[in-house]
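Here are a few notes to go with the model you asked me to look over. I start with the ligand and then turn to the sheets.

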Amino acid sequence: MTVAADIKTDTSAFATIRTPDLQPRPVKVKATGVKVFYGAKQALHGVTIDIPDRTVTAFIGPSGCGKSTFLRCFNRMNDTIVGARVEGEILLDNRNIYAPDLDVVELRARVGMVFQKPNPFPKSIFENVAYGPRIHGLARTKAELEEVVVTSLQKASLFNEVKDRLQEPGTGLSGGQQQRLCIARAIAVSPDVILMDEPCSALDPIATAKVEELIDELRANYTIVIVTHSMQQAARVSQRTAFFHLGHLVEEGPTNMIFTKPIEQRTQDYITGRFG
Amino acid sequence: MGAILVGYALLLVAALSAIAYVLGRTTGARLKPAAGEKIHSLPGYHGAFVAVWVGIPALILVILWAGLQGPVIDRMITASLPAELSSGKSGAEVALLVSEVKNVAAGRMFSEPNPAIVAAAERLNAWESIAGWALLVIVVAIALGSISITRSKLSPRFRARNDVEKTISGLMIACSVVAILTTLGIVVSLVYEASAFFAMVPFHEFLFGLKWEPQIALRADQVAGQGAFGAVPVFVGTLLISAIALVVSVPVGVFTAMYLVEYADERVRAVVKPILEILAGIPTVVFGFFAILVVAPAVREFSMTLGLAASPNSALAAGLVMGIMIIPFVSSLSDDALKAVPRSMRDGSLALGATPAETVVKVLLPAALPGIMGGILLAASRAIGETMIVAMAAGLIATMTINPLDSVTTVTVQIVTLLTGDSEFDSPKTLAAFALGLVLFVVTLTLNIIALRIVRHFREQYE
Ligand SMILES: Nc1ncnc2c1ncn2[C@@H]1O[C@H](COP(=O)(O)OP(=O)(O)O)[C@@H](O)[C@H]1O
Ligand SMILES: [Mg+2]
């Protein structure tokens, strides 16, 4: 949280190349000089980026460059890792999420997360989706809860496939369905932002296509940040792309710009498959 | 004399095997492969092959010999006794004669023995030494025969390595069979003695009778010569103490595990875990002291301040201490069960904005519940079978009560008291111990099987 001084040195040493959108959108999340340390090891070296509202932003870059680490800063999941330490400032709707008086529990209700491997709870499909609304007290009556569950499943394009077996265990679904169940579970607490860490890496191509389609639909109502190792996926689903390398944010801009006319040599090398 | 010779025979077998190994190894090392041929096994395997075929047959012979020599010589002595000594006598009386012969042969004489007995004793000594020497000679003969046969089999393409492998796996099977056979033997003897008991006391009376007074009078004409063998009060006492123990240990153990898994950092864990392991390693007799000297008086005084009467050796005191004893057991099994829940479950819950407590209670605990249940059942089976604490701290009188301040007795305590008095081995009093033991065995076995099933099923679910 020591900000101003650090940013200067960082931006001068590793200037991020930034290409603004032609029609700029309002900023939802504003990260400034974010550094993350795992014990003595530094994983992120001062990352500064604006995440626009109701847009899909993709994080790409070679494995181990810090994409997941940066993503976990947005809902403070790094707090759960022993020895992890975050410096810098992240504003969500202009409020510092690392401020001492911020309630992490409320933050995580506003910033949902979908993990690499589908991780439904060993409960029924219904209970999986109802979990968040229950702990946050979002539904007062049983009917309201059912309503929330059904709309969340609908928004996650899963309802038609599971409407007859809501009481069956969520772990019995196929991988792709499980992942959409996890998305429904995140949607159920009405977040503003949804973080997705390689959500399709454990899925087959058809399931992947369904999830990508879903992401495109969700964009209308949610700010989405997706980490992906597939550049095709970034190109298909995102409007903005950020390229990370060795803990630095090298270049970010409109997705078509990054994939067609990258400015940095390293970005170009990565896009064209010369390393990674 | 005979026993000493058997000992020598075992030493001899060891020495012969060692020699056989060296011979086999040397032969193996000297093997010359034909052109284009490779020697299949290393010399060491050739040595081991010869040694195994010398050692194992000789060993089996020595063991069989040691087992059969006694009975065979006994027979021969019995047959050789002069007719005027043995005629018209029962088997038991003849056996007495034989043992007298043995006493005389060993030099233990209490009075001037009958000359026929002395003669028999001399014969006994002579036969025993003949048998012993015969054993040594036969062992050497077998070893020599084996060495020459096996060494002649050694050749460059001989698969000594595979052969040794087979022998080793056979040896391991034999060892595991020993454990299994011993257990089976215990079960069979338990069932046998218990069935002798049920021949005297009807099965239903034992299982459903409400009165337990096994003290049979020494003389048949004594008043109250009959015992009562209704084991229900004993079962109730056992269940009462075990239930108290579980009421103490389950919450404490499970909460400890939750704390260690979800809240404690590395440093706390590094202190608490070893302490729990120490607790698990305290001999139960020490817990017994603790129960008598500290807990029982405390329970008594506390209940007195409440205006309740507590007996000096209350079920509560024994149960509390037993509960403390099984805390580490419950906590370490729950710890395992909670840790086996994948981290992604926990992350998924935390990422939805659940607090750590909500995560533990709503996600980790339900997911780990089968494993924890299995742990609790194992703990229950330990509590039911636990002997030392209750033998020291619980009572001896079988009262039919569920008042924890009363004195009750348990199955294990009764087994100990029934078997430690001096009374005949075939009285219902002593045999009742086996019947109780059988019940105990069946109950703990059932609990263990169910518990292990649950735990295993749970592991598979997440692996
Ligand atoms: N829990 C952790 N403890 C220690 N180091 C970690 C941890 N998670 C990630 N790292 C390190 O941080 C760096 C960035 O990791 P990560 O953010 O997972 O990369 P990416 O998601 O881009 O593949 C890597 O060098 C990795 O080894
Ligand atoms: Mg990653």
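1. Taken alone, ligand 1 exposes 560 Å², and the protein buries 64% of that (Shrake-Rupley areas with a 1.4 Å probe; for residues, only the protein chains shown count as cover).

2. Before going further, some ground rules: this is a predicted model, in which local features need pLDDT of at least 70 and side-chain atom pairs count only at pLDDT 80 or more, while totals for chains, interfaces and linings use all residues. Residues are numbered from 1 along each chain as its sequence is written, chains are lettered from A and ligands numbered from 1 in the order in which they are written, and side-chain values use heavy atoms, with hydrogens and water left out.

3. Two further ligand oxygen distances are worth a look. An oxygen atom of ligand 1 lies 2.9 Å from a polar backbone atom of A:Lys67, and an oxygen atom of ligand 1 is 2.8 Å from an N or O atom in the side chain of A:Lys41.

4. The shell around ligand 1 includes A:Tyr38, A:Gly66, A:Thr69 and A:Arg72 (a heavy atom within 4 Å). Its residues divide into four nonpolar, five polar and three charged. Helix H2(A) gives the most, with four residues (helices are DSSP runs of H or I, at least four residues, and strands are runs of E, at least two, numbered from the N terminus).

5. Strands S3-S2-S5-S6 of chain A, in that order, form an open sheet of four with antiparallel pairing (two strands pair if DSSP finds at least two bridges between them). S3 and S6 (95-96) of chain A are the edge strands, each pairing on one side only. Nine bridges link S2 (residues 27-38) of chain A with S3(A). A:Lys30 has A:Asp50 in S3(A) as its bridge partner.

6. The other open sheet has seven strands, ordered S1-S11-S10-S4-S9-S8-S7 (chain A), with mixed pairing. S1 (17-18) and S7 (111-114) of chain A stand at the edges with a single partner strand each, so one side of each has no neighbour in the sheet. S4 (residues 56-60) and S10 (residues 240-245) of chain A run parallel, joined by four bridges, and A:Ala58 stands opposite A:Thr241 in S10(A).

Conventions: Polar contact = N/O pair within 3.5 Å; in protein donor to acceptor, adjacent residues only side chain to side chain. Nonpolar A, V, L, I, M, F, W, Y, C, P; charged D, E, K, R; others polar.
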